Amino acid sequence: MRPIRAVFLPPTTDLLRQPGHILLKDGTAAELRMSQQTDAGALRQFIDRLSAKSKRHRFFSETAPPEEIIASLCDSSNPRSQLTLIATRMSQGRPTIVAAGTYMARDAATAEVSLAVDDLFHGKGIGTVLVEHLALLAVRHGFTQLWAVTHAENLAMREVFRESGFPWQEHVEGGEIEVELSLRPTERTVTQSEWRERVATVASLRPFFQPRAVAIIGASANPAGIGYRLLDALLRGGFSGPVYPINPHAASLAGLPAYPRITKVPGPVDLAVIAVPRQVVLSVASAGATHLGAGFPHPSARACLSASGKGGSRRLGLGGWQRVDILFQVRKETDHA
């Protein structure tokens, strides 16, 4: 008997109620949420950063749209009429918009969709993720089709529609192309979504198991401390990359130079393990570090995940110190494979 596969593509999070985190192709994360009227200034800055080519593809003009258009894009109070999703990353201590996508009702069944992605984030899959989430939200509000018009030369946008997995058609009108996407899920829609998630998940976990450089935030000289045990396990395990002990009260640890904070290390860090008192974990995580937890209460854990995810980093939490050796054992076995 041929197995039957459910054709269902559920939202990864309820963006109508709260922000969510998405993974990009390179394994980094971004926060995704509905726009608010207070986003007008940040959205203006995002549009101003776009290249002339990106502005032309999004607004059919190389100049930024007037303020009233930007203000309307920030109004998602009536999703049956229109809705805008924005993706943000932390930059210089504050959330910065790196992508924005909007759907607007054309009629009872069809919504026009448009999006723009920061030029520095092209090729990371963020446009496809935006279209997928906009499609799911559009379905929830009664739409069965998305429609878009773009320049024939805008191959990136056409690729976004193709990678979405939704059935689509193109109609050429002069130098412009009209695209129609059916929002009825198919097996290919689900397959494409699962494939994107697998690619992003694998990429996001690679720094955990194959880091090129590791920082131990909270490393210490006290053999009873978790910071000491982490540093000792890493060095004894034969890790060959740079190791950066982070301790503001030590000049060196285990024969290695120590640094007062992670921003002072001389090179890039793939994996940062936080071994500090729980009351200061959030301040460290907000700097974009990776968190290796130790049984935190749920509210603290959620706050830590939110803080680190906004900076684009991926977090891993283990519910107890006795499991810390897992990471290093996996690393050693990988090296000898």
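Q: Which residue forms a salt bridge with Arg-33?
A: First, the ground rules: this is a predicted model, where local features need pLDDT of at least 70, side-chain atom pairs count only at pLDDT 80 or more, and totals for chains, interfaces and linings use all residues. Residues are numbered from 1 along each chain as its sequence is written, and side-chain values use heavy atoms, with hydrogens and water left out. A salt bridge here is a side-chain nitrogen of Lys or Arg within 4 Å of a carboxyl oxygen of Asp or Glu. With its closest N and O atoms 2.8 Å apart, the partner of Arg-33 is Asp-39.

Q: Are Arg-33 and Asp-39 buried or exposed?
A: The labels go by relative accessible area: buried is under 20%, exposed is over 50%, and partly exposed is in between (1.4 Å probe, protein chains only). On that scale, Arg-33 and Asp-39 are both buried.

Q: Which residues are linked with Arg-44 in a network of salt bridges?
A: Arg-44 and Asp-48 both sit in helix H1 (residues 40-49), four residues apart, or about one turn; helices (H or I, at least four residues) and strands (E, at least two) are DSSP runs numbered from the N terminus. Their side chains meet at 3.6 Å, N to O. Arg-44 counts as buried because its relative accessibility is 16%, while Asp-48 is at 44% and so counts as partly exposed. The network links Arg-44 with Asp-48 and Glu-67.

Q: How many salt bridges does the count come to?
A: Another of these pairs is Arg-56 with Glu-62, at 3.5 Å from N to O. Arg-56 is at 23% relative accessibility, so it counts as partly exposed, and Glu-62, at 48%, counts as partly exposed too. By this rule, the count comes to 10.

Q: Why is S2 largely enclosed by the rest of the structure?
A: In a regular strand, side chains alternate between the two faces of the sheet. In S2, Ala-29, Glu-31 and Arg-33 are buried on one side, and Ala-30, Leu-32 and Met-34 are buried on the other. S2 is largely enclosed because its buried residues number six of the six.

Q: Which residue in the turn between S1 and S2 has a positive phi?
A: Strands count as paired if DSSP finds at least two bridges between them. S1 and S2 run antiparallel, joined by four bridges, and Leu-23 has Ala-29 in S2 as its bridge partner. The two strands form a hairpin with five residues between them, and the turn residue with a positive phi, about 90°, is Gly-27.

Q: Which residue in S3 stands opposite Met-34?
A: S2 pairs with S3 over four bridges, in the antiparallel sense. Opposite Met-34 stands Leu-85.

Q: What is the strand order of the open sheet?
A: The sheet has eight strands with mixed pairing. Its edge strands, each pairing on one side only, are S1 (20-23) and S7 (168-173). S7 runs antiparallel to S8, with six bridges joining them.

Q: What angle does the direction of helix H2 make with that of S5?
A: Axes are lines fitted to C-alpha atoms, for helices over the stretch in contact, and angles run from 0 to 180 degrees between N-to-C directions. H2 (residues 52-59) packs on the sheet, touching S4, S5 and S6, where contact means heavy atoms within 4.5 Å. The angle with S5 is about 175°.

Q: Within what arc do the buried residues of H5 fall?
A: The buried residues in H5 are Met-157, Val-160, Phe-161, Glu-163 and Ser-164. The arc is that of the directions from the helix axis to the C-beta atoms. Seen down the axis, these residues line one face of H5, because they fall within an arc of 170°.
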